[in-house]
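Thanks, everyone. Let me put the model up, and then we'll walk through it piece by piece.

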Amino acid sequence: MTMPSYTLYHSPLSQHSRRVQALLEEASIDYQVHPIALEKGGHMDPSYLAINPNHQLPTLVVDDEPLTESNAILRYLCNAHELSQWYPTRALARARVDQWLDWNQCRLADPVTQLVINVAILGDKGDPKAIESARTRLPPILGVLEQHLDGRSFVASDEQPTIADLSIASNITQLGFAQATPTDPNITRWYETIASRPGFVASMPPAPR
Ligand SMILES: N[C@@H](CCC(=O)N[C@@H](CS)C(=O)NCC(=O)O)C(=O)O
């Protein structure tokens with residue numbers, strides 16, 4: 001079977017990009033990286049807007065067809081490469097993964113992004129109201145994850161990590177950039193397990209010099 005060629009438009013600062021790269025690495029799928037300098041506005045360049053008019057990373061170009069939305073890309077890769085260990089095929093098991101992927105996008109992503117933008121990226125120019133709002137919203141959201149992980153190794157499966165773990169853990173890494181790493185014991189234990197996986201390690205941004 002001929003496999004498609006993959007080009008990942010990517011920045012290591014982007015958790016949405018890193019979660020896709022982590023799966024590509026974990027599954028030993030061949031891909032090219034096309035770096036986009038988010039911090040220099042590369043995502044607003046007309047050449048990138050032609051690929052992704054939402055000016056967001058990542059985009060995975062499959063042969064010559066752009067695919068956007070990180071969690072859709074994760075699902076696509078699992079479907080195309082029959083990665084049932086990362087995205088189970090039994091209906092309820094798959095729905096459980098989808099539940100946590102959606103939770104990540106709908107509940108966790110916004111306060112994480114607001115903190116990273118306003119603390120880590122904008123620094124002194126960050127919006128104090130946005131920072132305060134994110135700091136207020138985060139603890140109850142993380143509390144849901146902390147309680148869910150009590151007695152569990154992974155968010156959506158008892159046996160092995162799934163794409164839901166890669167997706168959520170990429171946001172937890174991001175909190176570290178804003179000096180807001182969660183200290184909840186179950187989240188910490190789970191995050192250490194996911195973050196030590198080779199694919200996740202390979203997706204991490206280079207350490208600051
Ligand atoms: N829902 C999108 C979100 C992607 C996203 O927010 N990417 C950020 C980097 S982590 C970005 O490119 N931001 C630039 C912008 O929105 O203009 C996904 O899951 O792929």
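One term before we start: contact means heavy atoms within 4.5 Å. This is a predicted model, where local features need pLDDT of at least 70, side-chain atom pairs count only at pLDDT 80 or more, and totals for chains, interfaces and linings use all residues. Residues are numbered from 1 along each chain as its sequence is written, and side-chain values use heavy atoms, with hydrogens and water left out.

Start with glutamine 21. Leaving aside neighbours within four places in sequence, glutamine 21 is in contact with Leu8, His10, Tyr31, Val33, Ala202 and Ser203. With Tyr31 there is also a polar contact of 3.0 Å between side chains. By polar contact I mean a pair of N or O atoms within 3.5 Å; within protein, one must be able to donate a hydrogen and the other to accept it, and residues adjacent in sequence count only if both atoms are side-chain atoms.

Is glutamine 21 buried or exposed? Its relative accessibility is 8%, so it counts as buried. The cut-offs: buried is under 20% relative accessible area, exposed is over 50%, partly exposed is in between, using a 1.4 Å probe and protein chains only.

Glutamine 21 sits in helix H1. Helices here are DSSP runs of H or I with at least four residues, strands are runs of E with at least two, and both are numbered from the N terminus. H1 is mostly covered, with 11 of its 12 residues buried. The cover includes strands E1 and E2, along with helices H3, H4, H6 and H8. After H1 comes serine 28, with a positive phi near 50 degrees.

Now asparagine 104, in helix H4. Its relative accessible area is 0%, so asparagine 104 is buried. Beyond its neighbours within four places in sequence, asparagine 104 is in contact with Arg19, Ala109, Ser167, Ile168 and Asn171.

Next, helix H5, residues 128–148. H5 reaches 31 Å from first C-alpha to last, close to the 30 Å expected for its 21 residues. That expected span is 1.5 Å times one less than the number of residues. Where is the kink in H5? At leucine 138, shortly before proline 139, and it is about 30 degrees. The bend at a residue is the angle between axes fitted to the seven residues ending there and the seven starting there. At the start of H5, a side-chain oxygen of aspartate 127 comes within 2.9 Å of the backbone nitrogen of lysine 129. The buried residues of H5 pack against H4, H6 and H7.

On to the ligand. Residues around the ligand include His16, His43, Leu57, Pro58 and Glu69; to be listed, a residue needs a heavy atom within 4 Å. Alone, the ligand exposes 510 Å², and the protein buries 78% of that. Those areas come from the Shrake-Rupley method with a 1.4 Å probe; for residues, only the protein chains shown count as cover.

Last, some backbone details. The peptide bond from leucine 57 to proline 58 is cis, with omega near 5 degrees. Proline 58 lies in the loop between H2 and E3. Glutamate 69 is not a glycine, yet its phi is positive, about 75 degrees. Its relative accessibility is 43%, so glutamate 69 counts as partly exposed.
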